[in-house]
Amino acid sequence: MSRGRGIDGLSGTDKDKLLAGVRATRKAAKGRRPTELAAVRDAKRRTAFDFGELQPVRQMRMQRAAADLLGIENPYFRSHAGIAGNRTTIGNREYVNFSSYDYLGLNGHPAVIDAAKSAIDQYGVSVSASRLVAGERPIHRDLERGLAEFLGVEDCVVMVSGHATNVTTIGHLLGPKDLVLYDALIHNSVTEGARLSGATRRTFPHNDLDALEDMLTQMRDRAERVLIVVEGLYSMDGDMPDLPRLLSIKRRFDAWLMVDEAHSLGVLGATGRGLAEHWDVDPNEVEIWMGTLSKTLCGCGGYIAGSTTLIEYLKLSAPGFLYSVGMPGAVAAAAKVCLDLLEREPERVARIRENGQRFVARARERGLDVGPSAGYCVVPVIVGESVSAAMLSQRLHDAGVNALPIIFPAVAERSARLRFFITAAHTDEEIDTTVDLTAEALAEVRAAGSQLKKLVGDRVRS
């Protein structure tokens, strides 16, 4: 006669078998030596919680170890003692600085500082809530209206992070049935936003609009909506796209066009209004203008500018705006004064153009490879090998020039470079001396040969 059913529908016999199995497992575990059990637990713990086992972390540690063996200091996270403009203080030494986004030299301007201090007196250091709930302040709308008017579009919204502005806007506007096409050198924030959206994502070769057209011809009919994303001025190469042709392409294929003006606001165009002014086109022909407040406007955060409908939609539904605290009043007030100064003093825009052209011309005279840079605020000096770029940066640092290397994987290994940010505050002497020092130091680095190959050879022999 069979036994009655037990817990969870098991018969008594099955339950006995299950319990016997559990007892056997426990007995086997008791038979293990404590050290064996500890080893198993440690292995599991390492797998689950030791971030040092991650492959990217191991790779970074190997790079750091190689740099230490070559006597290259870590060029990143150096602490600057004060305002970092065309000159900066690191430790107890002053450097000529080519690693600042302060393109028009407005960070530290008395009017900008006064505006920030007054805003702190009025609003405190934080608005303490999302703008939708209780964080709205008059200075937010003053800045947004000012940006919209300056850019020549209907409206604008500012957000607390430039990176998050792209992520939340693209991630929110597009979906799985859509297509995003972006330049191969586009900023990480764009690629992350496209990934978040779930849309089909494709890159086209840098500034190759023929390739873009071919991709649209092949793929447009498979997507509901299409977004094309480019930068106004590319942050690695310092060149720009052909906006009139992009407008023609996007109209023909019924696509949205988004231009990231992080590095072109205040730089391109006779009065700094960016890519549209540079190409003399109506800015309202571009659906989405994006920019940051951390360069020309000396703050932090980002903005989206365009039609009233677009801005209203983002304000009421984009997660990166809706669920983020409002921009601090001091940041918004300082950015608004920078915008006012930009509008009143277009000679600053002329000066940065003169400085950029001077740097590029002199660099080419000295045989330096500045790639396709148009000679505005971003000028690369392409070195090649990542180790050589790091060594060049170290030599310039030793000579009193702060210019950081861009190495693999941020760029292709054979395209490692130093990136020089040119500002309106740089003097002719600072530019000329820096270019000469760079040419001389690079010649010394190249004369020494490939340090990476030597290092690998030495390690193999040892």
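I start with G152, which sits in the loop between α6 (138-151) and β3. Helices here are DSSP runs of H or I of at least four residues, strands are runs of E of at least two, and both are numbered from the N terminus. This is a predicted model, in which local features need pLDDT of at least 70 and side-chain atom pairs count only at pLDDT 80 or more, while totals for chains, interfaces and linings use all residues. Residues are numbered from 1 along each chain as its sequence is written, and side-chain values use heavy atoms, with hydrogens and water left out.

Leaving aside neighbours within four places in sequence, G152 is in contact with P283 and N284, contact being heavy atoms within 4.5 Å. From G152 to P283 there are 131 residues in sequence, but 6.3 Å in space, C-alpha to C-alpha.

P283 comes up again in the second largest cavity, where the lining is L151, E261, R273, A276, P283 and W289. A cavity is a set of points on a 1 Å grid over the protein atoms alone where a 1.4 Å probe fits but cannot get out; a pocket is an open set with protein on both sides within 12 Å along at least five of seven lines; lining residues have an atom within 4 Å of a point. That second largest cavity holds about 30 Å³, a volume being the space filled by probe spheres set on the points, which are joined across faces, edges and corners. Its lining has four nonpolar, no polar and two charged residues. Nonpolar covers Ala, Val, Leu, Ile, Met, Phe, Trp, Tyr, Cys and Pro, charged covers Asp, Glu, Lys and Arg, and the others, Gly among them, are polar.

The largest cavity has about 50 Å³ of space. β3 (155-159) and α13 (319-322) are the elements that give two or more residues to its lining, which divides into six nonpolar, three polar and one charged.

Last, the second largest pocket, at about 280 Å³. Of its 19 lining residues, A184, L185, I186, M236 and A410 lie nearest the centre. β4 (179-183), α8 (188-197) and β13 (416-421) each supply at least two.
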